[in-house]
Amino acid sequence: MAKRGLMQLGSLGIAVVCLVLLIQLFSNTAWFLSPAGRVHSDVHAEPPPPRDPVGNHTLEEWPTESGREFRQAPTLDPLVESGVLPPVEERLPENPLVVVPPQQYGPYGGTWRRFATSVADVGVFASRLAYEGLVRWDPMGREIWPNLATHWDISSDGREYTFYLRRGVKWSDGEPFTADDLVFWYEDVAFYEELTPVPPIEMLIGGAYGRLEKVDDYTIRITFKEPNGLFLKRMASGFSAMMVMFPAHYFSQFHPRYRPIEEIRAIAASEGLATWRDVWRNRTVYVSNPDMPHLWAWGVRIPAPVQRWGISGLLT
């Protein structure tokens with residue numbers, strides 16, 4: 001009786017094994033006959049001939065021999081003719097940075113629509129459409145390119161960085177962009193304790209903060225006590241874009257170093273705000289403050305319904 005039971009159990013085991021093998025055979029056959037199977041079988045085949053690469057844009061400095069004759073979008077012509085805008089040659093720097101497209105120049109005009117799910121999404125404007133720092137990454141994120149700085153020098157020990165600003169750059173309200181704006185950011189924003197209790201970590205190395213100084217109107221130098229080999233990469237990764245978001249001529253009128261604090265407190269009271277710092281921070285929210293000068297090509301026409309929050313808060 002026991003022997004018969006063992007024989008039946010053995011037959012059942014053989015049947016299960018055969019069923020598994022049969023299923024595996026069907027699976028392999030189905031895979032081989034499917035498109036996925038054919039792709040897999042062609043892994044070692046000759047690759048298709050390469051297509052012409054689309055490429056990425058590159059940058060060039062404006063050749064001085066080309067003079068000061070430029071073109072602009074036709075929609076801007078009436079503004080120049082009516083005197084609302086100065087001629088394009090007066091709006092551009094002495095040495096404009098030229099973006100060279102990979103294939104052809106695009107047409108003027110059109111509407112660029114972007115998708116957002118909430119008020120918080122307006123913050124992507126700074127990193128996506130307003131990336132204007134002293135230096136920036138190339139499209140592939142491999143090389144650091146000039147931008148508002150035409151070039152830079154780094155000392156052999158990695159402690160000293162000198163940036164040479166592009167001459168003739170203007171804020172959106174027509175005021176010149178100079179080294180004074182960066183000194184204002186350094187002394188009156190980033191290292192002004194009432195606005196920024198904790199200075200930006202990008203300026204910290206070896207337990208000590210770097211020092212920014214003005215060499216001349218178009219040159220700044222940042223010095224560290226210890227080598228800071230990653231500083232240029234941090235500058236290109238958004239830090240230098242933050243540095244150039246505080247035009248001194250505009251924000252000084254809301255800063256107690258340049259205006260009696262009683263007057264700023266009066267502005268706060270008239271706007272229903274608690275402190276002078278709220279007046280400051282509300283002015284730094286560029287998406288809800290159309291009056292804030294900027295260096296990028298876009299302007300806010302309809303303020304976004306943003307709460308009291310500012311760029312200075314990003315530095316804390």
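This is a predicted model: local features need pLDDT of at least 70, side-chain atom pairs count only at pLDDT 80 or more; totals for chains, interfaces and linings use all residues.
**Aromatic pairs, a core and a bent helix**

Reader: Is the pair of W185 and F239 stacked, tilted or edge-to-face?

Author: The pair links distant parts of the chain, with W185 in helix α6 and F239 in helix α7, 54 residues apart. Planes over 60 degrees apart count as edge-to-face. The ring centres of W185 and F239 are 5.7 Å apart and their planes stand at 75 degrees, so the pair is edge-to-face.

Reader: Where does α7 bend?

Author: Helix α7 covers residues 231-243, and while a straight helix of 13 residues would span 18 Å, α7 spans only 14 Å between its end C-alpha atoms. Its buried residues include F231, L232 and F239. The helix bends by about 65 degrees, and the place of this bend is S237.

Reader: Which element gives the most to the largest nonpolar core?

Author: The largest nonpolar core has 58 residues, and among those with the most contacts inside it are F177, W185 and F231. Several elements give two or more residues to this core, including β6, α6, α7 and α10. With eight residues, the element that gives the most is α6.

Reader: The charged end of which residue sits over the ring of F254?

Author: A charge is counted as sitting over a ring when, among other conditions, it is within 6 Å of the ring centre. Here the charged end lies 4.8 Å from the centre of the F254 ring, and it belongs to R283.

Conventions:
Residues are numbered from 1 along each chain as its sequence is written. Side-chain values use heavy atoms; hydrogens and water are left out. Helices (H or I, at least four residues) and strands (E, at least two) are DSSP runs, numbered from the N terminus. The expected span of a helix is 1.5 Å times one less than its number of residues. The bend at a residue is the angle between axes fitted to the seven residues ending there and the seven starting there. Buried means under 20% relative accessible area, exposed over 50%, partly exposed in between (1.4 Å probe, protein chains only). A nonpolar core is a set of buried Ala, Val, Leu, Ile, Met, Phe, Trp, Tyr and Cys residues joined through side-chain atoms within 4.5 Å. Rings of Phe, Tyr and Trp (its six-membered ring) pair if their centres lie within 6.5 Å; planes under 30 degrees apart count as stacked, over 60 as edge-to-face and the rest as tilted. A charge sits over a ring if NZ of Lys or CZ of Arg is within 6 Å of the ring centre and within 35 degrees of the ring normal.
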